[in-house]
Amino acid sequence: MASMIRFRKLWYVALVKLSSQSLEPQKIEKKDEALISKVEEKPQRKRPRRQPKEWRCLDCCCWAIGYICTIWWLLVLLYSCLPSSVFQAPEPPGARLKREGLTAVHPVILVPGIVTGGLELWEGKPCSEGLFRKRLWGGSFTEIIKRPLCWLEHLSLHNETGLDPEGIRVRAVPGLVAADYFAPGYFVWAILIENLAKIGYEGKNMYMAAYDWRLSFQNTETRDQSLSRLKSKIELLYQTNGYKKVVVVPHSMGVIYFLHFMKWVEAPPPIGGGGGPGWCAKHIKSVMNIGPAFLGVPKVVSNLFSAEGKDVAYVRAMDPGVLDSQILGLQTLEHIMRVSRTWDSLISLIPKGGETIWGNMDWAPEQGYQCDSRNRVRLKTSVTENDTKKLGGGLEEFHILDDSAKYGRMISFGKDASRTVLAPLSAHRTKVNEAGDKNSSSTSRRACGEIWTEYDEMSWDSIREIADNKAYTANTILDLLRFVAPKMMQRAESHFSHGVADDLDDPRYSHYKYWSNPLETKLPDAPEMEIHCLYGVGLPTERSYVYKTSPSNRCKSIPFRIDMSADKSPDGCLKSGIYLADGDESVPVISAGFMCAKGWRGKTRFNPSGSPTFVREYRHKPPGSLLEGRGAESGSHVDIMGNVALIEDVLRVAAGATGAEMGGDRIYSDILAMSERINLKL
């Protein structure tokens, strides 16, 4: 009985537990639902976001300094870890030649070209206070930023005389420092001077013939007696160095400046130096012409016509606001044109020889040149031995021509006009419509301040007439410049000529305006004086241009500009409105090499005494790394002054070697073939 009662008790307890377990989840669920509802009803609190810290100017400066210091220390660590041979500069050619026994023999005269010589202020307007004997050109150029209009005013010459404006005197910096560096870190003559010093040259046997490169060549004598001082210096160096003849090394425009000097020094006074015939034969051993612009530079035409070149056109296309902003009112190109058109020296660089040298509407000496190296095809098998002899030897390759590039059309309006067959140019006026143009000129002058270009004196009918003529060759380009800038050309053409002489014995060629043109003057009677043409090749060089009109309501604007949309020619020579040919980026091969390759080669009417001539070309090779700087094998117009092979050639000649002893000609371009295509009476 007791066991039964115990069993029932246990069974009852089990039932109670089961019932309690079945009821418990419901209570929990109800509690959970209540809690969830309370949570949902209660608004959630968001975490406050951290506000970004404001960057102050001081913070930016500190971070920038930190980055610079970190990079600097990393570079120092890298430099200390790597072997010294990695950073060791190659041995200068002067040191190597000194070990070979070369020493200074002949005195050396250096003649800088356009732009690279320094200019300093001796007298100026009130805005130039504090700049006495400070460099206005060739230096840090800080004054451009501080007072640009004052700076431009002092670099300008008088618009009618081509000499100093009233109250302004700017003169060339004297000595070797005049053109050793154009700007801090940018060498011109410094590398060559340093290497000359390594074989024994110094102030007593080396001289920099600095002159004011803005002036016409004869005006450098009229104002500064630069030609007389150069004559005296050559005679002094000749006498004080054991009567050793002088080696002259001119560069760029300095080449034609010294050509003018050689004619001036033997001419009788008052226009000449009175040295008499034989002066050059007595005093000059060799003339080592670097980057010579004997027959002119096409890019000067675009500079005078629209104040543009390849680089300016690129900047204008990428960001027109920099140069053409009407809001800022900068009128940069107008200011450049106003100043540069007062520099008569620019006129000396207009292409010489006309269509005979530079080609006509359908022909040019560069026929056969392909700008795209992938299209160049060697045709050695098609060149016969007779062809090689005819071209003087050294011809290695011809280029197949896609005859779409009409280089003879120096300025064309529109891409089609630069390629298609055109009717002969109509003879356009050499004077503007005086009645209409004077009225428009007076109106614009009252509204526009003092930025004067001769386009202000032209009507839009005259401007349209220029574009309607479609294309201009080396002959008609002179007419074009006389049309758009009659005052500039009237002043400048009294000092320079650009034709080809029919009879060099004609008395009119005794005038100094012909002396810097190698096609209108004779070399001195100096059969032992050597003429060297040293220049770079393998770089695209401006040769001709595609233009368009650029009408603007802004006063005193330039109505023409290079057409950057003209591009993609089959031969690869037309790029952004500019036809490119072989050269050194500034001077085409035909201008640098023709006179030495053909015009003066042997006894010709331009070289009656038969002075030996040599062509030495330097194929451009870009620097292999940043450590190489501007390149020891550069062929660029200015960078070539640091070319190791060129420096070695100059040093060897200065030490007594002749052109024949150095191996004669060294030619990489098609200059011989180009020269044969030029039909010039010799």
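Predicted model: local features only at pLDDT ≥ 70, side-chain atom pairs only at ≥ 80, totals over all residues.
Local features need pLDDT of at least 70 and side-chain atom pairs pLDDT 80 or more, while totals for chains, interfaces and linings use all residues. Numbering runs from 1 along each chain as its sequence is written, and side-chain values use heavy atoms, without hydrogens and water.

Me: What makes Cys127 and Cys150 a disulfide?
Reply: Their sulfur atoms lie 2.1 Å apart. A disulfide is a pair of cysteine sulfur atoms within 2.5 Å, so the pair qualifies.

Me: Why is the disulfide of Cys127 and Cys150 called right-handed?
Reply: Because the torsion about its S-S bond is about 80°.

Me: Why is Cys127 called partly exposed, and Cys150 buried?
Reply: Buried means under 20% relative accessible area, exposed over 50%, and partly exposed in between (1.4 Å probe, protein chains only). Cys127 has 32%, so it is partly exposed. Cys150 has 9%, so it is buried.

Me: How do you know that Cys533 and Cys596 are joined?
Reply: The S to S distance is 2.1 Å, and the cut-off is 2.5 Å. Cys533 lies in strand S12 and Cys596 in helix H22, so the pair ties together parts 63 residues apart in sequence. Strands (E, at least two residues) and helices (H or I, at least four) are DSSP runs, numbered from the N terminus.

Me: What makes the contact of Glu308 with Ile562 polar?
Reply: A polar atom of the Glu308 side chain lies 2.9 Å from the backbone nitrogen of Ile562. A polar contact is a pair of N or O atoms within 3.5 Å; within protein, one must be able to donate a hydrogen and the other to accept it, and residues adjacent in sequence count only if both atoms are side-chain atoms.
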